[in-house]
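Visitor: I am new to this structure and would like a short tour. Could you show it to me?

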Amino acid sequence: MLENIEDIKLFIEWCKENKVKSFKFNNIQFELSELSFVESVEGYADKLQTAVDESKFEKQQQDQEDEELLFWSSGR
């Protein structure tokens, strides 16, 4: 059934597609994490990073505006 590494890789991919979380047969055993069943993990990571970058940019902008307001309100 699973005679070489390539067969095992293909079987694990099949398990991901068919939502098989764990498998045990003779001396081969594995368990997939819940993240392996999420279809677009890569896209999610990109979106998350973009959101973090946007948040940092907005914080920088707000800090810069606050600095300018402090400067002008100090009467200089």
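**Contacts and layout**

Guide: Residues 24 or more positions apart account for 3% of the contacts in the protein with a separation of 6 or more, where contact means heavy atoms within 4.5 Å. This is a predicted model, in which local features need pLDDT of at least 70 and side-chain atom pairs count only at pLDDT 80 or more, while totals for chains, interfaces and linings use all residues. Residues are numbered from 1 along each chain as its sequence is written, and side-chain values use heavy atoms, with hydrogens and water left out.

Visitor: How many helices and strands are there?

Guide: The protein has two helices and two strands, and from the N terminus on the order is α-β-β-α. Helices (H or I, at least four residues) and strands (E, at least two) are DSSP runs, numbered from the N terminus.

Visitor: What percentage of the residues counts as buried?

Guide: Of the 76 residues, 11% count as buried. Buried means under 20% relative accessible area, exposed over 50%, and partly exposed in between (1.4 Å probe, protein chains only).

Visitor: Which residues make up the largest nonpolar core?

Guide: That core has eight residues: Leu2, Phe11, Cys15, Phe23, Ile28, Phe30, Leu32 and Phe37. Helix 1 (5-17) and strand 2 (28-31) each supply at least two residues of this core. A nonpolar core is a set of buried Ala, Val, Leu, Ile, Met, Phe, Trp, Tyr and Cys residues joined through side-chain atoms within 4.5 Å.

Visitor: And what does Phe37 touch?

Guide: Leaving out residues up to four places away in sequence, Phe37 touches Cys15, Lys16, Lys19, Val20, Lys21 and Leu32.

Visitor: On to the rings. How many aromatic pairs are found?

Guide: A search of the whole structure finds five. In one of them, the ring centres of Phe11 and Trp14 are 5.8 Å apart and the planes are at 15°, so the pair is stacked. Rings of Phe, Tyr and Trp (its six-membered ring) pair if their centres lie within 6.5 Å; planes under 30 degrees apart count as stacked, over 60 as edge-to-face and the rest as tilted.

Visitor: Is Phe11 buried or exposed?

Guide: Phe11 counts as buried, at 15% relative accessibility. Phe11 also pairs with Phe30: the centres are 6.2 Å apart and the planes at 75°, so this pair is edge-to-face. Because Phe11 lies in helix 1 and Phe30 in strand 2, the pair ties together parts that are 19 residues apart in sequence.

Visitor: Which residues do ring pairs link into a cluster?

Guide: The cluster links Phe11, Trp14, Phe23, Phe25 and Phe30.
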